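Let's walk through this one a piece at a time. Have the viewer open and follow along.

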Amino acid sequence: MDTRPSEPSRRTVLTTAGLTAALAALPVFKASAAPARPGEVPPPADRHQLWWQAPGDEGSLIEQGLPIGNGRIGALASNDPGRELLLITDATMWTGGLNDTLDQDGQFPYGRSDFGSFTLLAKLTVDIPDHDLGGVNGYRRTLDLAQGLVTSSYVRSGVTYRREMYASRPDDVIVLRFTQSGGGRHTGSITLTGTHGEHPTAAESFGATLPNGLRYGAAVKARGTGGKVTVNGTRIDFAGCKDLTVVITAGTNYAPDADSGFRDPALEPERLARTKVRAAAAESTDALRRTHVADYRALYGRLDLSLGTSTAEQRELDTWERLHARSRDPEPDPELEAAYLQFGRYLMICGSRDSLPVALQGLWLDGNDPDWMGDYHTDINIQMNYWMADRTGLSPCFDAFTDYCVAQLPSWNDLTRRLFNDPRNRYRNSSGKNAGWAVAFSTNPYGGSGWWWHPAGNAWLCTTLWEHYEYTGSREHLKKIYPLLKGACEFWEARLLTITLPGTSKEVLVDDKDWSPEHGPQDAKGITYAQEVVWMLFGNYCTAAAELGRDTDYADTIASLRRKLYLPQVSPTTGWLEEWMSPDNLGETTHRHLSPLINLFPGDRIRPDGSTPADLVAGATALLTARGMESFGWANAWRSLCWARLKNADNAYQLVVNNLRPSVDGSNGTAFNLFDIYEVERGRGIFQIDANFGTPAAMVEMLLYSRPGHIELLPALPDAWAASGHIRGVPARGGFEVDLRWRDGKPTEARIRSVGGRTTTIAYGEVSRTVTLRPGASVTLKDFSR
Amino acid sequence: MRSSPYSVMPARALRALVVLALTAGVTAAVPSARAETTTPPAAPAPVAAKPYMGWTSWTMQSSKYPGLNPKGDYSYLSEANVLKQTDAMAAKLKKYGYEYVNIDAGWWMDWSWKSQYDQYGRQKADPVRFPSGMKAVADRIHAKGLKAGIYLPVGLEKGAYGDGKTPIWNAEGCTTGDIVHADLRTTNGWDSAYKIDFSNPCAQKYIDSQAQMFADWGYDFLKLDGVGPGSFKTGDNYDNVPDVAAWQKAIDTAGRPIHLELSWSLDYGHVADWKKYSNGWRIDTDVECYCNTLVTWENSVDDRWDDAPAWTDHAGPGGWNDLDSLNVGNGEMDGLTKAERQSYATLWAIAKSPLFTGDDITKLDSYGLSLLTNREVIGINQSSAPPAEPVTASDPQQVWAAKNPDGTYTVALFNLADAPASVTANWQALGFKGKASVRDVWNKENLGNRTDKITQALPAHGSRLFTVTPRGTTLAWTAHEAEAGTLSGNASVADCSACSDGRKVGNLYTGGKVTVDDVVVAEAGTYMIKVSYVSGDARSILVSANGGGGTSHKFASTGDWGTVNSVYVPVKLKAGANTVTFDSGTGYAPDIDRIDVPKSL
């Protein structure tokens, strides 16, 4: 750590001057008041328990470790009786920096020291040599989705041992609790270490600084009953303990504030970690657990779901066997499928609160060098991560994404001004004009970008942020994102080219030279993806300006630009919706990305309800059909969402089933721990969390479609779930929440509650009615026969 | 479980019994014999009545572990080291049944591996390695109440040939030139010897002279190495069956029972010969890694799970399938994890391999000692029950079992995967359903009753060993001949004398399939279907029911294309009629003889 005093920089002066802005600069890892301690709540029914009969392999924790997290810190746990291993992360533990240069070919550098990488913070082991897996019986491991608890249990010499762990948001610590019944004892040692070559000096904490100046630290505290807990050099020994509680926390001095260089120089993470574990260890373990479960359930309980009943035989299988059975047998397993959705929600609650948003691997790593840096990819992945949040009742988890974009904006503005029109950037504006902000395909948490510039990335981030407003109606959110929307519009105002459509005299606005994400030519003008998403952005901006009563004139400008935007057509050659403003197929037919279908999903321009020209729907359908049913997890999830929008329940469901296939030797599919595996190359799969979020989003989209002013019930209900089911607490765009029950493929009851929305139509099949509600009021509909 | 009764007393054992009966002048009843002979008299403690237990020098000789071989390769072998291990074995292991101290290759070589012979072309102890001579060493071993083993390569070693004029001991007019072929064709796994021509009576005399020398020295055990077909050799020059026969004949007349063990990777096709003439045969290459530890899991402990099953039926009193040395006692020097050490010991015990360690017995760690001296595990190895064999397919998670004479089962769970996994033993694969009481043998713990199955979490390369006592009911089975099924692709019906009804379905490759129709069961559920098959090498097949997705299972080799074996595979059936399909997929699959399906769960 460089501690030399430095002259006040422009940055520090600005920070001191702008005290109001400093509110946004609070570090992520921060001291907090003692949380409220709730009373005991009876545990919920165990419908959504995942369970396994084997612990995780230390070398394969990304596939076999069970994830915990409090939205800021996370861990993967082995749950091995003889040696518990936790690989601990903090969402802000990133190498790299602003990365404000371009390579000769116009790309941002993309290395672990320049762009940076998400990386591990600490490793904790609890060794109990006598409890070696080879000597215990009846091993079982569960993830209790309803309470947010990972447990493992086993019997050794007639004694039942139980281990429970969770990451508590209120106490900001990870808690491990070792108990037993039958007169057993725990003897062993605890070791907390870094993973970046730190030299261990103490058993109970460590602190260090990354080469980029980010400080980090971790601390552990152990407490036992009936035995001894002693600090012994760089480890903690425990001997003869009936029960043992281990409390860990970790953090960095990251601050989401470009003006302070994304650091809080005053924060000492090791010291703060020590304070936090001391405070938590002073509480009773019951109180810690109660506090965590109440906090977790407050979010988890917002959505309840049943897709039908599984057979007794299916219920008997452990989760891994059950995935195999689902892939092998033709029978649906509705409870497994619902649990998969709830697992996605678990990951969101654990991964996205109060800190940085969930990146490619969410909060979970098994090494310091994740593929693609574990970064934020702006051409589907981060958007897909957040499609699920509102759709499954986890709107509060969305805020991490919003806050990230808001905090990055000053740097994004800065880099755009300095580097977007750089002559090396192949996508620079040929108009020579430059305004607003843009990002590259990859972004980091330091305002930096990696890989190629991605002109339409700003619009896609904005439309995703906008959708959250449509769900929640939150004016506070709208005010937060307004500068992002406006800046993106300014960027496009400067960028769009006016051309005359061949064979007509019609002038239209098109995107400059660009790349349909990761597909086809890198110098195509008017790519469908950009035309569609900018059309969405402009529409959203005009609505935002009107709602906030701001920038009326500028909104008019944008509205007129929007009217002139070229909107893509169907190729007379392929019959597909064009991807490159060309009738020809310039790419791979089964390419993973569905960028030209962005206005089928997540947008709404292409609708199969008669309001969209039939040839456009047919062209979109033909393109989607050509893309096929077999791809990477996230690509299948997007396909499923599109098929749900087209009301093709069979295809939408089949893609969900495809994603549930067990991953074998790195193949695309679902790992032992339910993480989605992306096959990078034959035999090598990596974890990418987007499918774990995108697939649940698709499942919800099959049950409920909404856009402002319109809700459709069961638009694509598959036969597998048709017998009976319910979804309660599902948000709808336009400011409503729906509780829906169905039987024999038809809704039996729908309760619509306003969370700010006023009027909406509710449709099922050909039947539609309009309801008008005051905020907070609800109506129950029962008769869908007409 | 195979249904053939285990009451085989191979002929060679009976012959050994006769020898003993004549020399010792005692008689005893012979267990019922399958048959090649009906000679009645017998004696107690015949050679190899049970898998032998002991120690071999070769494991440490072969290792590059620091300090083991300071005088050059294989230099661990010395009189001092042998006696040190003898003392340690007597002190620590003898009371558990370990008795043979086996001197391996090199006793007649100097530190630079140069051979020495006596005036009759017989191997002569190196005076530096064994300053007291081989007889004195055997005497010292015997003085500890243990047995002594020695070693030879098969054939006439090139160095013993001299110029062909070397006389053969006790064989008037015979010289080394008489006992080999005129073209001096070579033999054995290293081509280090001339092939002996047994058409000349002098040849037997040479073998007799070596056997007599060992008997005179007092050796109780001989490892004959480099034997073919096997030892990575095939062809006439490497057919050492006449050598082995000559050795057995020589031992019979040498006046001292000597256990004859053959090495290495003996050819399965000659198993009848090995059974006839020897007391044990190495089914695989050396277990040692020739690296910085004694062994490693992949090189080549784990081969044995694939290679042992075909040999199972051929082991029995008088002759055993030798999986090679059991190196689980030293901890770090072994080169294995704890879980691997236990699995290693488990397989060796249940497969009834000889239990001889190559560890440094003076340095056993407490875990290693517990593995080598678990009396229940040794009891399983030394009992009169047959060797265990896989009852499931040879997938990464597998179950092996043997039915014991008292009606209990020895059941082992193995996880050969590189990550922890759960493994389930389903009682259906043992022929019954309902409850069974389970004893965890390694952990010396009764686990109580388990209904229908037991599942355990196993570490990577880990194992569990149980004794299962059935308390349920015997299953009733329905047989379905594969050849009565619907064939597609290349599949065709072929004659097969060992198969039920004399036929099987073969040519299951690249899309070949057979579907067995009308598999009727009383209730829906997962059934363990017994699949009888023939496969000269290990092959995989996709098994599915009612047109659903197939699960790939690897079936262990049955040794050749004329032998039938069976394993149980789980298949989900519905109540009433089902179809069960065996699909080669894109590869080559085993031939299918028939399936047996439990009538109900």
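Here is a short tour, one stretch of chain A and then one of chain B.

First, the ground rules: this is a predicted model, where local features need pLDDT of at least 70, side-chain atom pairs count only at pLDDT 80 or more, and totals for chains, interfaces and linings use all residues. Residues are numbered from 1 along each chain as its sequence is written, while chains are lettered from A and ligands numbered from 1 in the order in which they are written.

In chain A, an unreviewed UniProt entry lists residues 285-703 as "domain: Glycosyl hydrolase family 95 catalytic" (such annotations may be inferred rather than shown by experiment). That span is 50% helix and 9% strand, with its end C-alpha atoms 40 Å apart; helices (H or I, at least four residues) and strands (E, at least two) are DSSP runs, numbered from the N terminus. Now find helix H12 of chain A, residues 528-548. Of its 21 residues, 16 are buried, meaning 20 or more other C-beta atoms, placed from the backbone, lie within 10 Å of the residue's own. Just after H12(A), A:Gly549 takes a positive phi of about 65 degrees.

Over in chain B, UniProt lists residues 478-598 as "domain: CBM6", again from an unreviewed entry. This stretch is 0% helix and 59% strand, and its end C-alpha atoms are 6 Å apart. Look for the open, antiparallel sheet of five strands in chain B, ordered S23-S26-S31-S28-S29. Strands S23 (486-488) and S29 (551-555) of chain B stand at the edges with a single partner strand each, so one side of each has no neighbour in the sheet; pairing here takes at least two DSSP bridges between two strands. S28 (residues 539-545) and S29 of chain B pair over five bridges, and B:Val543 stands opposite B:Thr551 in S29(B).

Conventions
The expected span of a helix is 1.5 Å times one less than its number of residues. A residue is buried if 20 or more other C-beta atoms lie within 10 Å of its own, exposed if 12 or fewer, and partly exposed in between; C-beta atoms are placed from the backbone.
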